[in-house]
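Thanks for making time this morning.

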Amino acid sequence: TSLEWREGSLMMDIRHVVAAVLFLVKGICGLLKGVRDFGSLEEGVHLLVQEASQKAFVWALEELDEDLLRQRDRANLKVVKFCKRTWVSTFGSFTVKRRLYIDRRTGQYRFLLDEALGWEPDKRLTARMEAMALELGTEMPFRRAAKILGYLAPGVSAMAVWGVVRDAGQKAVIEARRGGNAAGEQAPWRD
């Protein structure tokens with residue numbers, strides 16, 4: 001069963017918004033004092049915006065985890081501990097701390113946040129980063145694709161790109177054997 005998000009269930013804390021704005025303003029002012037050229041200013045602002053986005057995103061995810069804690073089936077789901085998970089997204093790497101639960105009925109361990117967001121256990125790249133890695137990895141060598149993705153978000157290796165392409169290939173083979181394709185459409189020769 002999946003938990004539904006209720007509109008208005010996550011409250012925005014104005015302190016987080018103010019902290020993010022002050023972080024950006026302070027960072028940009030610091031960059032302007034030591035600016036050498038537009039390229040270094042552009043890169044510095046890009047990194048600042050990524051860092052502010054990471055902080056805001058981690059805060060939002062941890063708030064969602066808190067909301068899932070309040071919504072859970074208290075009789076069956078018990079919090080065991082907190083675990084960290086690192087993701088690589090279009091705004092860089094971020095690490096989120098989320099709760100691990102044990103289901104008293106089944107004895108299985110669960111991360112409600114991962115379930116709510118559809119995060120697969122062994123994935124490190126977000127769906128958007130995977131889509132970019134797949135697009136680039138099918139058009140150029142994996143090492144070059146990783147380098148290009150690294151301009152956007154450091155932390156993507158050639159092996160990660162290879163893994164995304166491999167997984168997509170395996171999925172396409174399975175779909176082809178079923179008579180469809182990866183997009184879920186019927187193969188034209190099967191009509």
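Asp114 and Arg85 are both buried, where buried stands for under 20% relative accessible area, exposed for over 50% and partly exposed for what lies in between, computed with a 1.4 Å probe on protein chains only. Please keep in mind that this is a predicted model, in which local features need pLDDT of at least 70 and side-chain atom pairs count only at pLDDT 80 or more, while totals for chains, interfaces and linings use all residues. Residues are numbered from 1 along each chain as its sequence is written, and side-chain values use heavy atoms, with hydrogens and water left out.

Asp114 and Arg85 form a salt bridge, with 2.9 Å between the closest N and O atoms; the term asks for a side-chain nitrogen of Lys or Arg within 4 Å of a carboxyl oxygen of Asp or Glu. This pair links distant parts of the chain, since Asp114 sits in helix α3 (residues 112-117) and Arg85 in strand β1 (residues 77-89), 29 residues apart. Helices (H or I, at least four residues) and strands (E, at least two) are DSSP runs here, numbered from the N terminus.

Asp114 also meets Arg98 in a salt bridge, at 3.0 Å from N to O. Because Asp114 lies in helix α3 and Arg98 in strand β2 (residues 92-103), this pair ties together parts that are 16 residues apart in sequence. Arg98 is buried, as is Asp114.

How many salt bridges does the structure hold? There are 13 salt bridges, and among them is the one between Asp167 and Arg166, at 2.9 Å from N to O. A network of salt bridges links Asp103, Arg105, Arg110 and Glu115.

Let me turn to the sheet. Three strands form an open, antiparallel sheet in the order β1-β2-β3, two strands being counted as paired if DSSP finds at least two bridges between them. At the edges stand β1 and β3 (109-110), each with a single partner strand, so one side of each has no neighbour in the sheet. Strands β2 and β3 run antiparallel and are joined by two bridges, and Ile102 has Tyr109 in β3 as its bridge partner. Helix α2 (residues 38-71) packs on the sheet and touches β1 and β2, its direction making about 10° with that of β2.

Next comes a pair of helices. Helix α5 (residues 142-152) and helix α6 (residues 158-178) pack at about 110°, with their axes 8 Å apart; the axes are lines fitted to C-alpha atoms, for helices over the stretch in contact, and angles run from 0 to 180 degrees between N-to-C directions. The two helices, α5 and α6, are therefore roughly perpendicular to each other, a label that covers 65 to 115 degrees. Phe142, Arg143, Ala145, Ala146 and Leu149 in α5 meet Ala158, Val161, Trp162 and Val165 in α6, contact being heavy atoms within 4.5 Å.

To place these pieces in the whole, the protein has six helices and three strands, and its elements run α-α-β-β-β-α-α-α-α from the N terminus on. Of its 191 residues, 32% count as buried.

Technical notes: Parallel < 35°, antiparallel > 145°, perpendicular 65-115°, else oblique.
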